[in-house]
Structures are given as C-alpha cells and as structure tokens.
Amino acid sequence: MGGGSPKDSPLSANAHLPLPPLPWSPPPPDQLLYQAASPDEEALVTAARNLGYVFLARTQDSITVVELGEERVYQVLAMMDFNSARKRMSVLVRNPEGSIYLYTKGADIVLFDRLCKKGLEEWTTTEEALTSFAKQTLRTLCLAYKKVDEDTYVEWRQRHQEASALHQNRAQALHQVYDEMEQNLQLLGATAIEDRLQDGILETIQCLKQGNIKVWVLTGDKPETVVNIGFACQLLSEDMLILEEQEIAQVLEAYWESNNNLLSGKGSLKNQLQVKMAMVISGEFLDQLLLSPSKEPRVLVQNVNVDTEESWQEPGERRTDFLQARRTSLRGQTLRTWLGSVGLVPQNKESNTHESPQVRRERAFVELASRCRAVICCRMTPKQKALIVALVKKYQNVVTLAIGDGANDVNMIKTADIGVGLAGKEGTQAVQNSDYMLAQFCFLRRLLLVHGRWSYMRVCKFLRYFIYKTLASMMVQIWFAFYSGFTAQPLYESWFLVLFNLLYTSLPVLYIGLFEQDVSAEQSLELPQLYSAGQKDELFNYWVFLQAFAHGTATSLVNFFMTLWISQGMSEPFSDYQSFAVVVALSGLLSITMEEEEKEAPAEGIAAEPLPYLRRESRARRSSYAFSHREGYADLITQGTILRRSPEVNSDTLADHSVPCDAELAPSTKESPWYQRSLSFLGKKRHQHQGKASSEGVRPPLR
Amino acid sequence: MTWSATARGAHQPDNTAFTQQRLPAWQPLLSASITLPLFFCAGLAFIGLGLGLYYSSNAIKELEYDYTGNPGTGNCSRCGVADQDRAPPPTCLCAWYFSLPELFQGPVYLYYELTNFYQNNRRYGVSRDDAQLSGLPSALRHPVNECAPYQRSATGLPIAPCGAIANSLFNDSFSLWHQRQPGGPYVEVPLDRTGIAWWTDYHIKFHNPPLVNGSLALAFQGTARPPNWPRPVYQLSTDPNNTGFINQDFVVWMRTAALPTFRKLYARIRQGNYSAGLPRGAYRVNITYNYPVRAFGGHKRIIFSSISWMGGKNPFLGIVYLVVGSLCILTGFVMLVVYIRYQDQNDEDEDQE
C-alpha cells in the first residue's frame, strides 16, 4: 500500500500530527502506538513504523526518526500547512547531513501539476496504480520531494517571514509563497488507505437508498472523518454537490428573502435542482442557524461569502483540478440560480405569514435538507441529534427511524418513531431504550426490507380482507331486510353469527396476518424498490378501503340475490327461511375463502418483473486530501503549545482526539433512518489493515 | 462484550419452518398457457351445466290458478268478497275447472302459494315454542313469552300450539276430481297428504305430548286452541300419526318461509292410476275457502307442478350458468387474441434485455 523510496518515511512522519508515545508509558519500541487527528495519518505513520522507519519523537522544530535502526534527527524549517483549497501540505527539513529537502504530500491532481519534467515519465505507472487503488475504494495520496539549495531557502525564508507578518490577506500571501516553493517536485510514490467498514454496510446503505429511504448521518465525529466515511459507504459520491456551511446559509437566505417579501415565484426548488445534493453541517453551525433569532442570516452569509471568494480565487487552482473546477462551477451556477430566482418556494404560503421566524427558519432548513440525497451532521451533541429527529418529524410527514449504539444516541432513539439499538462495545443504554435491538448494522436491511415490508403488507392485507369478509357476509342482512319488512330479522342463524368470525373465517385471517409472504425474503432484499410501497401508503388507503368496501358489497349482493332469484318460484329445496339462510351463509363463506386464496396471486407479477437496478459504476478517483481537513494543524505544531503542555493536560487532549473516533455516528433518515455504528470502529480497523499485509485476513475485533 | 443475554441461543426461536416463516407455500404462476385453457374449460363446463339446468327446468310443467277471489276472477270471487275480517271466516266452497290435453307427467305435486305474507317478520318468526312443539309436557303448560299475545287464552289457559305462526295456520283444503270422459262422472284423485314435511321435522323436531290414558285429547287437556283455529290441535286429522303437533300440514306450515312470496307443499299425487301423472281429461279442484288474504293484499294460488332432479321450475339458474359460461369463453377469446398479438412483442422485449 505504500509506494516509493525510503525517503518517504520522514515525510509521512513529519507531515501531520501523529504524536509519539507518551513519555510516562513507554511501550516496547516495536509496539509504538500513535494517536493522530486523522486516522489516515495514523495509518501512514504506523505503516512506516512497520516498514522500519519509526517516528520516535518530535519537538517544536525537530523530528526524531529511526531509519532502519539508525536514529536521525531532522530539523524542521517550515511547515506549509494544508487547507482544503491547496489540497497538499509540505514540510521543509534539514537532514542530519545538513541539506535541505522539501517533502510534499497531497491529492494526485495537485501534485501532478507541480512535478518536474523528469517526474512526468514516472507518472504514468503511478497513475495506473492510483486508478487501480481507486477502484478498490482506497483513498490515495501522492508523495513528492525536492532538494532545496541553501540560497533558495534563505531567500524564500525571507519572503515567508514577510508574508507571515502581514496584517491583511496574510493567508493569501502565504499561499503564494508556499506555491512558489512547491514547484518542480520529484515524485516519490503514492499511498492508498483502505476504509474498512462493518460487513454489509455498503450493501445496506445502497439497499436503503434504493428503497427510497433517506439516510442522514448524525455523529459526534469531525466533519472530515464523517465525509470520508460517507464516501466509503457511498452516501456521498463525486458527482454530488456537497453543500457546506456557506452554501446552506446562502440558500436559506434566499428562502428567507422570498418569504419576507412574500414573493411567490413559480420555479420551485424541485424544478431547479437537477444536481444531486448532499449536505454536511456541523452542530455549531446548526445552532447558529436555528437557535439564535437575533443573528441575521444576511450577516452570516456575507461573512461566509468573503471567505469563499478568497479560496476560490487561488491562482493556478482552476487549471487542472477538474473536480474542484466542476464543483466550483456547479456551485456557482446553482447558487446563482437560487439567488437569482426566488429560490425555495414556501410550501404553504398562507401559513407563512403567521409563522414565527424561528419556525420559518426551521422549516427552511428541513426542507433544504430533505431535498439532499445525503445529510451528514457532525459534531452533534446528543441533544442536537434528538433535535434533528424532532425537526424532521415536525416538518416532514415521514416516519423516522434512529439507530445507534452509544449512550449519546439514546435521546435520538427515543425521539424517533422507531428506535433501533445496536448491541456493541458501547454498553447497553441504546439497546435498552430502543424498540428493536440488532447485533450488526447490516441486519437493519433485513429488519426494514424483509420483516418491515412483510409486516406492513400483512397488516394491510389483513385489514383489507377483514373489511371485505365482514361486508361480504353481513351486508346480506341489509338486503334481506328489504324482504322481511325491515323487522330486524337476522338472516343468519345465531350459531352462524357466533361462529363466523370465531371459527369459520378465523384461520384464513390468521394465516394472512402471520404467514403471508407476497415476495420471498431473498427477493425483498434484491428489490429494495418494493419497500417504497409502504412509504406511499399504497397497500392501504382510502381508495383501497373503498375498493374493499365495494368488493364486499358486490359479493354480498351477488350472494343474496342469486339465492333469492334461484329460490323464487321453487318450493324445493330452499324456499324456507332456514335453508335459505344456510345457502346464503355457505355461499358467502365459500366466496370469502376463495377470495382469500385469490389474493395470494397478484404479487407474483411484481416479483417477476425485474425493476431497473441502478448501479453506479463510475467511482472517480479520489484522494483523501480532496475532502480532508479544512485547515491543517501546522500552526499548532510550530507554536509548540501542544508539546509544551503538562502531561496531565496532554493526556486530556489525547483523550479528546480519541473520543471522536469512537463517538457514534448516528444517522436519522427521512423515511427511516438507520445507522451504522460500525463506522466508529474504522480507526481501529484501518490501523490493523495498515499495519501489515497479513492483517488483510484479520477479522475486525467486533464481530 | 458485556451483552448479557446469557448463553448463545437462549432466546432464539426454534429453527422450524413455522417459527422461521419458512412454511411451504404454493403460488400459481398465472401464465397464458394455464389461464386460457382454464377459462375455456370453465366456460364450457358452465355452459354444459347451464344447458342441462335450462332444459330440465323447461321440461317441468306448471299449472297454477289464483283463487284469491278478487271480483271477476272466477267462481271463488264470491268467497273472496265475503266478509274477510271475521275470524274465522265463513266456510265457503268454490272450484277450479281445468282440462289437460295430454298427460301431465308425474310425479305431480300440489302446492299452495301465498304472496305478500311475511313469515319472515321478526315478531312473527319468533312467536313459537319449539319446546312445546317437541312434546315437552312442562312447555305445553307454560308456553314461552315469545308466543304472546298467543301465549294464553282469555281464560288464562295455555294455548297449544302457542304463537302467531301456529295461529295463522293455512286452513284451505283442496280435493282433486277427474272426469275421464266428457260428460262422465268426476272421480276423486287420491292426494297423498303424508310425506310432505321434512323428515327431520316430522320425526325429530315435532312430537306430540305423551298420551294420557291412550288419548291425545286428554294429553291436551287444560290447554286452549289458538284463537283462529276452528278446532283443537288433536282434531286436525283422524289419523293418529297425522294429528296433534305431528300433523303434516301443520309441520309444513311451521317451517317458515324466507320470503314474503312462498309455496308450500300440499299433497303429492302418486297413487293408483295417477302414479305416472295426471292423464288427459277435465279436472275440477274443490276448494274450501277459509283463509283470508285480501285483508293484507295477499294472493292465494294453487299449483300443480312436476319435479325434476333440480327441484321445481326455475330457469334462472340455468340462464345464469349460460351467461357466466359465455362470458368465460368470451374473455378467453379476448385474452387469446391479446396473447397472440403481443406474444411476439414480449419475446422481442426479452431478447432486447
């Protein structure tokens, strides 16, 4: 999974922020455990360790590495930090021999632009490797280096310091300085990191999405982690427009304006949106958005706009970064459309005038979010998770399902219409507060698509059949009243009336309610589209009720009048009351029972008909940097504040870092949410997988 | 793992087809090759059945006469116009003359029909005491309250048989006379008045109370006759097997009709020269006109009918079978056309896939 020369190792050790083992608990050197903000970084450093390049220690301006048994200390001259626009980061070090090297890692497309001519020849093979990695859904990074001579460095340092000291546009100036240094690189290689999710998560999510279930991820994790996971489980895809905070604010602003001015334009959001959207929103922003009426959204948007302008304007950015370019243009176009036109049209105009701003804000947010293919809410407190579920329940006419495994999911699980707890490492609070308990996330698929669907179908058929059979048998009494002078004479004998529901027709009804399977379990799983019948109330609604009503009435009419006309003018065999009653009852009973048998059949047609199965094959290559951290942590490192802290504080920090890894991800979805706890195990699994090739076969610990 | 659900499988349901939803099931896969023959077969079977029913119904002869006695409808009108409100009405005799040009194929049944008579009226229908009719001495003395107001007579004696149904017993009587040669004497045709009730009714449901000193009259001592009856129940017939509660006319009447228009069997003609049916010739039916129906707008009819395996004459069932059978075949043809027409298209679709 790693490629390139041994020079690779100081680079990966330097580049981000993996911390060496803590001094008070020295583990044996071959079992170094790293803690990193990003699981990717952790994996890279661990992999380097396993290959013999052990990252041992670092101070504010030095890095100690054991390279194949030989301890070397590098001096850190500068760190050129990561941000989402640059998609790369570099470190400038002086090695023990005194020469200066620049090591860069970043997204393949970004690095490609900066390679020297010679490096381009190696590029083709690397690209092949990258493509094959991407096909295996591995996340890739490219690594490059160059040797910097002393003079260049001195001259560059000068400008770097000037740029750092600027009061205005410092970030832009710094980026320019960095960009000058990161040119003419030599390719070192590429890395690929695998995300391993719990078994069946991908299939489950695909299935649920095909079943028209919206999946929202609510998690306490950091945005970048969740976005990575979102890509890994195909919640997010490359062709989606991912709305982040500023876009959300803009769209909602447009909505806000349209409401305030009561402009009810024609184009609704639905028509304008040909683009698939996804939304990533953090807990703090959500609070800003929904809970502070004093804060004008307009101000918010203006601030954000400045930022975006800045990051979009970076020179050189647009040349080849097709992905970014496309996203930018998409974003620009779409937003312009929204802003230019009226944007979201409130669904019920008359009610808007009476709604408080708070309600309008909430409604707008939920409406926007529910138009997204995927919604990811990160950095959520348990209360916020519950709030999101409550919001969806309040403004959308949907059934919500929350699934989670941790104690911080309990609020959410209890708020949702259906709560599902996963039994796992996190204790039993979630399970104890849930309606259903599952052992693994992937069983959710069976719960919803097989048992949920069957159950819905059975209840509906049961109801329909019950209405039918009651009407078909008992309406006869009404028809008979016309011939008995409306004297309330029952047509059926009392024994028949007593035993009809109790005995004569109880088994068919029970059978439908308990065992009916219109489609086998396997077929249900293969065709998740069948699930959407329940979402549209297709199997039981007023129309179906009327049908059952009409059907039952028709049956009773036929039963009664056929018997009547046949018996008319005949003395034998059944002109007398008792015989007539028995004949009508028997014929009603038979037709009801036959009806039940008939009802079994039609579903086969649905099952036999293969529905178009959409599989998205195109999975563009992606680099972990393409959607990684918004900003790097170089500032923290170079300031040295972390390193200077007392051990106690330090341990807290580390604890904080590890918590998000384990924090649950709990999506709630529109139609029925679901979740995957397993995502939280990612860090650990990746760890394992990275370590050795042999770990490929190792089962994750939590099965 | 702290999940404490004890041992593995402790709460697992048994792995049986029943608990694991794996019961075998059969779902017919309806394809054209199954459905079309099914439709044609059902259609043909229905048509065959319909034809059979229709022709046997048509083969049944019926001869009926309305002797209600509305003015100008025959010689029963003088009885009909007589005072109908008195109970019992004055006995009135009238006759119905008819002639048969050919043999009326037997066995011939004689029915009477009443119209607009709601034997299915609730209060009327419950006004009987089955315990009394089954011969229980205690019930004989204490009729159930449903019989009211025909529970007890004005003097306080229990009425036997009690209730409105029994009180309204049809009491017209008929006798059939045959004139073999024109101008010749009328010979009485023997009417078989036994065996007209249901076997279960006659043998199980209806019993006379135990005889006292060998006398049915003594057994009924202390009871009153129903107010409309001219004589008590033990004098309904001279035949000891056909009197009291087991009088066949009475048993037939007590089996109430489902509809306001109904026929009840009066007699069968199957004895002597008439076992093969009624030979051609002139006939006279002597009617003892007792039963008032004009007060409630009803009609009385007398009907001679032959009978077949399907019962009485009613072409309706046969016609229904014919219609349904034809519809089946028609639908079958339509589906066949559709099938042939779109079959190729389907194949093409499949090929494309």
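Predicted model: local features only at pLDDT ≥ 70, side-chain atom pairs only at ≥ 80, totals over all residues.
A:Val76 stands opposite A:Val93, a residue of strand E4 in chain A. Strand E3 of chain A, residues 70–80, is joined to E4(A) by five bridges, and the two run antiparallel. E4(A) also has a partner in strand E5 of chain A, residues 100–106: here seven bridges link the strands, again in antiparallel fashion. One of the pairings in this second set puts A:Val91 across from A:Tyr103 of E5(A). The hairpin of E4(A) and E5(A) has five residues between its strands, and A:Gly98 in that hairpin takes a positive phi near 105°.

How enclosed is E4(A), which spans residues 88–94? Six of its seven residues are buried, so the strand is largely enclosed by the rest of the structure.

Stepping back to the whole of chain A, there are 31 helices and 14 strands. The chain has 703 residues, of which 55% are buried. Its accessible surface comes to about 30800 Å², with carbon and sulfur atoms supplying 56% of that area. As for how the chain folds back on itself, take the contacts with a sequence separation of 6 or more: 73% of them involve residues 24 or more positions apart.

Chain B has ten helices and ten strands. Of its 353 residues, 42% are buried, and the accessible surface is about 18700 Å², 58% of which belongs to carbon and sulfur atoms. Among contacts in chain B between residues at least 6 apart in sequence, 77% join residues at least 24 apart.

Four of the strands in chain B make up an open sheet, ordered E1-E10-E4-E7, with antiparallel pairing. Its edges are strand E1 (62–66) and strand E7 (262–269), each of which pairs on one side only. From one strand to the next, the twist averages 20°. Within the sheet, strand E4 of chain B (residues 108–114) and strand E10 of chain B (residues 300–306) run antiparallel and are connected by seven bridges. In one of the pairings, B:Val108 faces B:Ser306 of E10(B).

Leaving aside residues up to four places away in sequence, B:Lys264 touches B:Leu110, B:Tyr111, B:Tyr112, B:Gln119, B:Val252, B:Trp253, B:Arg255, B:Thr256 and B:Ala257. B:Phe170 is 94 residues away from B:Lys264 along the chain, yet their C-alpha atoms are separated by 9.9 Å.

The surface of chain B has a feature of its own to look at. B:Ile319, B:Val323, B:Leu327, B:Leu330, B:Val334, B:Val338 and B:Tyr342 together make a nonpolar patch of about 620 Å². One of these residues, B:Val334, belongs to helix H10 of chain B, which covers residues 315–352. B:Val334 has a relative accessible area of 47%, and because that value falls between the 20% and 50% cut-offs, the residue is classed as partly exposed.

Technical notes. Residues numbered from 1 in each chain as written. Chains lettered and ligands numbered in written order. Heavy atoms only, no water. Patch = residues over 30% accessible without salt bridge, like charges linked within 9 Å, V, L, I, M, F, W, Y side chains within 5 Å. Areas by Shrake-Rupley, 256 points an atom, 1.4 Å probe, with all protein chains shown as cover. Salt bridge = Lys/Arg side-chain N within 4 Å of Asp/Glu carboxyl O. Buried < 20%, exposed > 50% of the residue type's maximum accessible area, 1.4 Å probe, protein only. Pairing = 2+ DSSP bridges. Axes fitted to C-alpha atoms, helices over the stretch in contact; angles between N-to-C directions. Contact = heavy atoms within 4.5 Å.
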